[in-house]
Amino acid sequence: MFLLWPVYINQLTEILKPYGDKQRAFDKRYLEMALIWAQNSYCIRRQVGALIVKGKMIISDGYNGTPAGFENICEDENNVTKPYVLHAEANAITKVAKSNNSSEDSTLYVTTSPCMECAKLIIQSGIKRVVFCNRYHKTDGLDLLKRAGIELVYIDSENNIYEVQ
């Protein structure tokens, strides 16, 4: 059994990082796509986009907003986000759950680091990597993801930062 461990690690690396030496470049590109996708959000205070990628394929996408069938207004008259607004990660995860795809061993590209609630969904959905470019003001979601052994990558393209946390 222990002899198979290196083979398993190599297979898992190929699944999670299928682009090999070009992984950094593709991480940046997918994150740029998530930034573009965030522009679909009707939210005023913060627009967040998310993509779930598995085996070189985008299997789901999401952006923050109200549930299907609700008005596309995320903030109340005091500019406070309404409590039923869904986060981009939650939209992407529920969308893949309704499809024939599985998010097991996939990578989530999200424009803002996950909150605690989204971190729990990420863990339960089998996502193994999270790549993000903006830090949320609370770090409890990232702390939980680290505890669960999920690889976290912070990218700041303007300052040429690619940081595996």
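First, the ground rules. This is a predicted model, where local features need pLDDT of at least 70, side-chain atom pairs count only at pLDDT 80 or more, and totals for chains, interfaces and linings use all residues. Residues are numbered from 1 along each chain as its sequence is written, and side-chain values use heavy atoms, with hydrogens and water left out. Helices (H or I, at least four residues) and strands (E, at least two) are DSSP runs, numbered from the N terminus.

Back to the helix pair. Two packed helices are described by the angle between their axes and the distance between the axes. For α3 and α4, the axes come within 9 Å and cross at roughly 25 degrees. Axes here are lines fitted to C-alpha atoms, for helices over the stretch in contact, and angles run from 0 to 180 degrees between N-to-C directions. The two helices are therefore roughly parallel to each other. The cut-offs: under 35 degrees is roughly parallel, over 145 roughly antiparallel, 65 to 115 roughly perpendicular, and the rest oblique.

Which residues meet? From α3, E89, A90 and I93; from α4, C118, L121, I122 and S125. That contact (heavy atoms within 4.5 Å) divides into five nonpolar residues, one polar and one charged. For the classes, Ala, Val, Leu, Ile, Met, Phe, Trp, Tyr, Cys and Pro count as nonpolar, Asp, Glu, Lys and Arg as charged, and the others, Gly among them, as polar.

How much of α3 is buried? Seven of its ten residues, so α3 is largely enclosed by the rest of the structure. Buried means under 20% relative accessible area, exposed over 50%, partly exposed in between, with a 1.4 Å probe and protein chains only. The buried ones are A88, E89, A90, N91, A92, I93 and V96. Their cover includes β1 (49–54), β2, β3 and α4.

Now the other side of the story for α4. Helix α4 (residues 116–125) also packs on α5 (residues 140–147), at an angle of about 25 degrees with the axes 7 Å apart. So α4 and α5 are, therefore, roughly parallel too. Their crossing is right-handed. In α4, M116, A119, K120, I122 and I123 meet D140, G141, L144 and L145 of α5. Here the count is six nonpolar, one polar and two charged. Note I122. I122 is in the contact with α3, and I122 is in the contact with α5.

On to the sheet. Six strands form an open sheet, in the order β2-β1-β3-β4-β5-β6, with mixed pairing. Two strands pair if DSSP finds at least two bridges between them. At the edges stand β2 (57–63) and β6 (161–164), each with a single partner strand, so one side of each is left without a neighbour in the sheet. On average, neighbouring strands are turned by 20 degrees against each other, direction ignored.

Walk across part of it. Five bridges join β3 (residues 107–112) to β4, running parallel. There, L108 stands opposite V130 in β4. Next, four bridges join β4 (residues 129–134) to β5 (residues 151–156), also parallel. V131 has V153 as its bridge partner in β5. Then β5 and β6 run antiparallel, joined by four bridges. V153 has V164 as its bridge partner in β6. And β4? Five of its six residues are buried, so β4 is largely enclosed by the rest of the structure.

Is G62 buried or exposed? At 4% relative accessibility, G62 counts as buried. Leaving aside neighbours within four places in sequence, G62 is in contact with W37, V48, G49, A50, A88, N91 and A92. G62 and A34 are 28 residues apart in sequence, and 8.6 Å apart in space, C-alpha to C-alpha.

Last, two backbone points. N160 is not a glycine, yet has a positive phi of about 55 degrees. N160 sits in the β5–β6 hairpin, which has four residues between the strands. N160 is exposed, with a relative accessible area of 61%. N79 has a positive phi as well, near 65 degrees. N79 is in the loop between β2 and α3 (88–97). At 40% relative accessibility, N79 counts as partly exposed.

Notes:
Left-handed = near helix turned anticlockwise from the far one by under 90°.
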